[in-house]
Amino acid sequence: MCPRLWFLLKYVVIDWSTTRERGTEMKGTKIRMLTALAVVAAVASITLAAATGTKAIKERQQAMEDIGQAMKALGAIAKKQAPFDADVVKTSAETIANRLNTAAYLFPDGSDRGDVETWAKAEIWSDHENFQKDLDTAEAAAVAMQSVTDEAAFGPALGVLGNGCKTCHDTYRRPKQ
Amino acid sequence: MKYPSRARWIAAASALGAVLVAAVFFVLTAARPSGRVLPTNAPDVANGKVLFHVGGCIACHNPPSGTDNSGLPTGGAAFSTPFGTMYPGNLTPDPDTGLGRWTAGEFVDAMTKGVSPEHRHYFPAFPYTSYRNMRIEDLLDLRAYLMSFPPVRSTQRDPDVRMTGLARRAVGLWKRFAFRRRTFEPDPDRDAAWNRGAYLVQGPGHCGECHTPRNAFMILDDTRPLEGGPHPRGEGHVPSLRDLVGRGRYADVADLALALQFGETLGYDKLSSGGMAQVQMNLARLPEDDLRAISEYLLSLR
């Protein structure tokens, strides 16, 4: 951020004022001002885009983290490490459904890169329709899970939900260390 | 016009040299059948089925999307590699486009030597570099399982590789180095489950094809087995399979076995990206003993 601010200062404030003091021709000043403005606009838009990307990446990684925690709670029940508890199932499924619902807004154009590393693949944006479809499928599975109250229905519901995770991660996420 | 005799000599010598080099290259890179003698006992189709899923054969030998026969390894779907697009072959016993006319010896040579019945080198996108670790009996069982499929005619396509013929010859040269790697030998100091796991991972499972980094010649680097590295298709980073417990990835053998069986369904992360989803869903079909064996071996890697 700092070099960018300095850049702005140098071109707009200092350069402008010094050229005026020196009493350069008006034409030269105008060109300088326009150039400076263009540079400022370019720098600002790049900064803004990077900031948008970074913000979106952080938000969706947090959403994925929340989903991961909720999935772990459901997984613990499936693995018999925790007793079947309809309340835990409901709240976990709600978390997953909510995050998946908002996930659609966490992949804005230009958020394929930012100041933090992202494992999102370009296909999210090049094949956005299908990406949204996969998100919807996973969300529907999470919504269905919310109304699971007996253990017999839990396993199959978790299978469908897990497939939702897999399908999307298979196509739209790069592997990470 | 008269050339100086020395220039003539040089020209003749270089022409001869080029011919010699070409001849040596031609001989060194030829694809030859092994002519190996095969055991004759009746194959175990059930074992072949397990190996089919360990290898995840269907993951690459699948039909093109939009066609029927899903579930049968008819091949034909595109498989992109850094060297070009491959179209894996038809593994059903169709006589014209599949394995129907292949002899057992031809099948074993394909799997262990990477040599086709037409005596051509397969590109190593077909991971024979791992399958050569397989026992002959297992290969014959696998073949018997493949032959139990209904024959399906499918479209076979040559790979989209520049100068395919020459490239295949280059593969022949590459194999001379790639095949210097030692093949799998059980470790008598370890128990049966560990050895079974090591065999499945290094042989039919071909985990190292992605999880072991390659050297400058694209040969798997045996000094860094399963350490992870760049994804073969440039899609990120293939995770290391070493020190999985120490890195907090899995608690114990049972935990990893469950992760391999159910993947992200049970909240295990990082088991679906970069092609691992297909791998995991094929592993899900293994007997639980084999999943535990694989886990025991993997968790022993520090």
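In chain B, 64% of the contacts with a separation of 6 or more are between residues 24 or more positions apart. Contact here means that two C-beta atoms, placed from the backbone, lie within 7 Å.

A word on provenance. This is a predicted model, where local features need pLDDT of at least 70, side-chain atom pairs count only at pLDDT 80 or more, and totals for chains, interfaces and linings use all residues. Residues are numbered from 1 along each chain as its sequence is written, with chains lettered from A and ligands numbered from 1 in the order in which they are written.

Now the overall picture. The C-alpha trace of chain B spans about 85 × 45 × 40 Å along its principal axes. Chain B has 302 residues, and 40% of them count as buried. Buried means 20 or more other C-beta atoms within 10 Å of the residue's own, again placed from the backbone. Twelve helices and four strands make up the count for chain B. Those are DSSP runs: H or I for helices, at least four residues; E for strands, at least two; numbered from the N terminus.

Next, the domains. Chain B splits into domain 1 (45–178) and domain 2 (192–299). The bounds come from an automatic or database domain assignment. Their C-alpha centres lie 22 Å apart. Domain 1 of chain B puts 19 residues into the contact, domain 2 of chain B 20.

Which elements supply at least two residues each on the domain 1 side? They are α2 (45–55), α3 (57–60), β1 (79–81), α5 (128–131) and α7 (164–178) of chain B. α2(B) gives the most, five residues.

Definitions and conventions: A residue is buried if 20 or more other C-beta atoms lie within 10 Å of its own, exposed if 12 or fewer, and partly exposed in between; C-beta atoms are placed from the backbone.
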